[in-house]
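Subject: Structure handover

Hello,

Please find the structure below. My notes on it come after.

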Amino acid sequence: MDYAALLEKRDQYQKSLLSIPEYTLQTYEQAFEVEYTHNSTAIEGNTLTLVETKVILEDGISVGGKKLRELYEVVNHRNAYRYVKECIAKKLPLDEKIVKDIHATLMDHIFIGGIYRDMDVYISGAQHTPPSPNEMYRQVKNFYIDLTWNGKKSRAVCRYGGRAGSQTA
């Protein structure tokens, strides 16, 4: 699909949103948030079920028999998702601070996030060796420099297709 076709689909989607009741959009967003959080944390090994994730996020009830880390993972993921939506609503360009803030939010109560590692790491069973801390830092800095294109800052943000103010808190 080419870029023009993608923009056309986006425009059709945004027009159709006007005919959907606000409450329906909010319930859809809430359901998406729970499912997205569940699926994303499950990929990383979290054993909470979809129902348990929903109970934690919507009802604020802890689930017995699970590791505390798993509970924090789903709450942190939801909080990071909401932070990203706020950045998008403010039309902030993707930058190093936002990425570090997202990481810090994801790691809250688990370990210190939002900082660069200062030691070499290895991935068991993988042929790839991650770069040394100094090389990694250089690569990250170059990535953000490369976001500059044609003399102006690239807008590396996704446009949230919802109505203004329709994001649930």
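The notes start with the basis of the values, then go from the whole chain to single features.

This is a predicted model: local features need pLDDT of at least 70, side-chain atom pairs count only at pLDDT 80 or more, and totals for chains, interfaces and linings use all residues. Residues are numbered from 1 along each chain as its sequence is written, and side-chain values use heavy atoms, with hydrogens and water left out.

Whole chain. There are six helices and two strands, taken as DSSP runs numbered from the N terminus (helices are H or I with at least four residues, strands E with at least two). Their order along the sequence is α-α-α-α-α-α-β-β. The chain has 169 residues, of which 24% are buried (under 20% relative accessible area; exposed is over 50%, partly exposed in between; 1.4 Å probe, protein chains only). Among contacts with a separation of 6 or more, 52% join residues 24 or more positions apart (contact: heavy atoms within 4.5 Å).

Helix H2. This helix covers residues 22-43, and its 22 residues should span 32 Å at 1.5 Å a residue; the end C-alpha atoms are 31 Å apart, which agrees (expected span: 1.5 Å times one less than the number of residues). Its buried residues are Leu25, Glu29, Glu33, Val34, Thr37, His38 and Thr41. Their cover includes H1, helix H3 (50-59) and helix H4 (68-89).

Aromatic residues. The whole structure holds five aromatic pairs (rings of Phe, Tyr and the six-membered ring of Trp, centres within 6.5 Å; planes under 30 degrees apart are stacked, over 60 edge-to-face, the rest tilted). Phenylalanine 143 and tyrosine 144 make an edge-to-face pair, because their ring centres are 4.9 Å apart and their planes lie at 80°. Phenylalanine 143 is partly exposed at 42% relative accessible area, whereas tyrosine 144 is buried at 13%. One aromatic cluster consists of Phe32, Tyr36 and Tyr81.

Surface. Met1, Tyr3 and Leu6 make a nonpolar patch of about 410 Å² (residues with over 30% relative accessible area and no salt bridge; nonpolar side chains, Val, Leu, Ile, Met, Phe, Trp or Tyr, joined within 5 Å, and like charges within 9 Å). A salt bridge is a side-chain nitrogen of Lys or Arg within 4 Å of a carboxyl oxygen of Asp or Glu. Leucine 6 belongs to helix H1 (residues 3-17) and is partly exposed, at 47% relative accessibility.

Regards

How values were computed
Accessible areas come from the Shrake-Rupley method with a 1.4 Å probe; for residues, only the protein chains shown count as cover.
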